[in-house]
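Colleague: I am new to reading structures, and I would like to go through one slowly with you. Could we take one kind of feature at a time, starting with the general idea and then turning to the case at hand?

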Amino acid sequence: MTPPSPAYLRGAGSTPFGRHEGRGALDLMAGAARQALASAGLARADIDGVLCGYATTLPHLMLSTLFCERFALAPHYAHSMQLGGATGAAMLMAARELVRSGRCRNVLVVAGENRLTGQSRDSSIQTLAQVGDADYEVPNGASVPAYYALMASEYMHRTGVTSADLAEFAVLMRANAARHPEAHLRTPITHAEVLAAKPIAAPLSLLDCCPISDGAMAFVVSAEPGPHAPVRLAGAGQAHRHQHLTAMADVMRCGASDAAAQAFAEAGLSPPDIDYLGIYDSFTITLVMLLEEIGFAPRAGAAARARAGDFAPTGTLPLNTHGGLLSFGHCGVAGGMAHTVEAWRQMTGQAGERQIRAPQRTFIHADGGVMSSHVSLILSTEG
């Protein structure tokens, strides 16, 4: 049987994250898309597929074709996608399939929104609250931080993970973001400051939670590599075991390990083969649970690896060298895409002062909802 054709991450683009007064979702998306096309060495006429992530500040029914109209694209295929925080990784997986099937040769994957400046605080809270079950959760007044706090409480009770353990990752992500000129939060923080921060939803404090940002990210997925080191989408997997927190069967197995197993099997790799991690981190508990369920640390052992320096840029397994959602920032779909953009830049030697020894095998994981939808990707510069 003939193996499927490869698909490559040919180019990437981004805007800074933070506050962009007067710039709407389409403006931000266009900025990232222009940069992605330039880095891929392609013209707009070369793009024959477009995948677009949703934007809460622009809930258009046909966002992908609206973007194409504004950005002067006429693709053969266009699609909008909505899968919470897993959307960006899911779009890259779908773009790979479009390229491997021969349907498209160059797919633009783009997302962005002005989530910080484009809606009020109350509107943002109301939007995020809809993650909950309309009948059994939302009427009780909870929002996303509360759902994650409830999940954290059970996980910490069952494993022995502590708030001090979670704080290790808040400090690490801020230290990484301090080296990125486009990060939203760059002021260094200490372990003690995380533990003393304002409570948001026990056991999570303010510094256990990601900020709300404006920003955008874009990729070009192509049948051929571009002017940079060839980064191939070598493996991918998804898992969807529940939607709402009240339907989560086991906090110890949310679906992350299932998605990861598919990606590893397809790539012919295992966790010890990976030399860089881009792991979703909407909250510190998100990052700890994902690292431990997927197998990059034993249960209750992620913080020990962090303290040992394993996840630092100079460590054996660098993690989110851009600062992750916790400090680089979070503007919806593009926030999750930033993990892959950073991985691509590290793999192609374009990370500037953050550059580590260029990784060869990167593992990306994103989740949407309350650890609800999981997508794993493996990127490789080999083969």
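Modeller: Gladly, and keep in mind from the start that this is a predicted model. Let us begin with a pocket: the second largest pocket has a volume of about 170 Å³.

Colleague: Which residues line the second largest pocket?

Modeller: The lining is made up of Asp 275, Pro 313, Gly 315, Thr 316, Pro 318, Ile 356, Arg 357, Ala 358, Pro 359 and Gln 360. Sorted by class, the residues of this lining are five nonpolar, three polar and two charged.

Colleague: How many cavities of 30 Å³ or more are there, and what lines the largest cavity?

Modeller: The count comes to one cavity of 30 Å³ or more, and the largest cavity has a volume of about 30 Å³. Its lining consists of Ser 14, His 180, Met 217, His 322, Phe 328, Ala 338, Val 341, Glu 342 and Arg 345, and by class these are four nonpolar, three polar and two charged residues. Helix α12 (residues 333–347) gives the largest share of that lining, namely four residues.

Colleague: Let us turn to charged side chains. What is the general idea of a salt bridge, and how many salt bridges are there here?

Modeller: In general, side chains of opposite charge can pair when their charged atoms come close. In this model the count comes to 16 salt bridges. One of them joins the side chains of Arg 19 and Glu 21, with an N to O distance of 3.0 Å. Arg 19 is exposed, with a relative accessible area of 53%, and Glu 21 is likewise counted as exposed, at 56% relative accessibility.

Colleague: How far apart along a helix are Arg 100 and Glu 97?

Modeller: The side chains of Arg 100 and Glu 97 meet in a salt bridge of 3.8 Å, N to O. Both residues sit in helix α3 (residues 87–100), and because they are three residues apart there, about one helical turn separates them. Arg 100 is partly exposed, with a relative accessible area of 22%, and Glu 97 is also partly exposed, at 33% relative accessibility.

Colleague: Which parts of the chain does the pair of Glu 382 and Arg 361 tie together?

Modeller: Glu 382 forms a salt bridge with Arg 361, and their closest N and O atoms are 2.8 Å apart. Glu 382 lies in the segment after β11 (373–380), while Arg 361 lies in strand β10 (residues 361–368), so the pair ties together parts that are 21 residues apart in sequence. Glu 382 is partly exposed at 31% relative accessibility, whereas Arg 361 is buried, with a relative accessible area of 18%. Elsewhere, salt bridges that share partners join Arg 96, Glu 97, Arg 100 and Glu 266 into one network.

Colleague: How should I read the two faces of a strand?

Modeller: In a regular strand the side chains alternate between the two faces of the sheet. Strand β2 (residues 49–53) is mostly covered, with five of its five residues buried. Gly 49, Leu 51 and Gly 53 are on one side, Val 50 and Cys 52 are on the other, and both faces are covered.

Colleague: Which strands is β2 joined to by bridges?

Modeller: Five bridges join β2 to strand β3 (residues 77–81), and these two strands run parallel; Cys 52, for example, has Ser 80 of β3 as its bridge partner. Four bridges join β2 to strand β4 (residues 106–114), again running parallel, and the bridge partner of Gly 49 in β4 is Val 107.

Colleague: Finally, what should I look for in the backbone angles?

Modeller: Most residues other than glycine have a negative phi, and most peptide bonds are trans. Here the peptide bond from Ala 202 to Pro 203 is cis, with omega near 10°, and Pro 203 is placed in the loop between β5 (199–201) and β6 (204–205). Met 371, in the loop between β10 and β11, has a positive phi near 55°, and Met 371 is buried, with a relative accessible area of 0%.

How values were computed
Residues numbered from 1 in each chain as written. Predicted model: local features only at pLDDT ≥ 70, side-chain atom pairs only at ≥ 80, totals over all residues. Heavy atoms only, no water. 1 Å grid on protein atoms, 1.4 Å probe; cavity = no way out; pocket = protein on both sides within 12 Å on 5 of 7 lines; lining within 4 Å. Points joined across faces, edges and corners; volume = space filled by probe spheres on them. Nonpolar A, V, L, I, M, F, W, Y, C, P; charged D, E, K, R; others polar. Salt bridge = Lys/Arg side-chain N within 4 Å of Asp/Glu carboxyl O. Buried < 20%, exposed > 50% of the residue type's maximum accessible area, 1.4 Å probe, protein only. Pairing = 2+ DSSP bridges.
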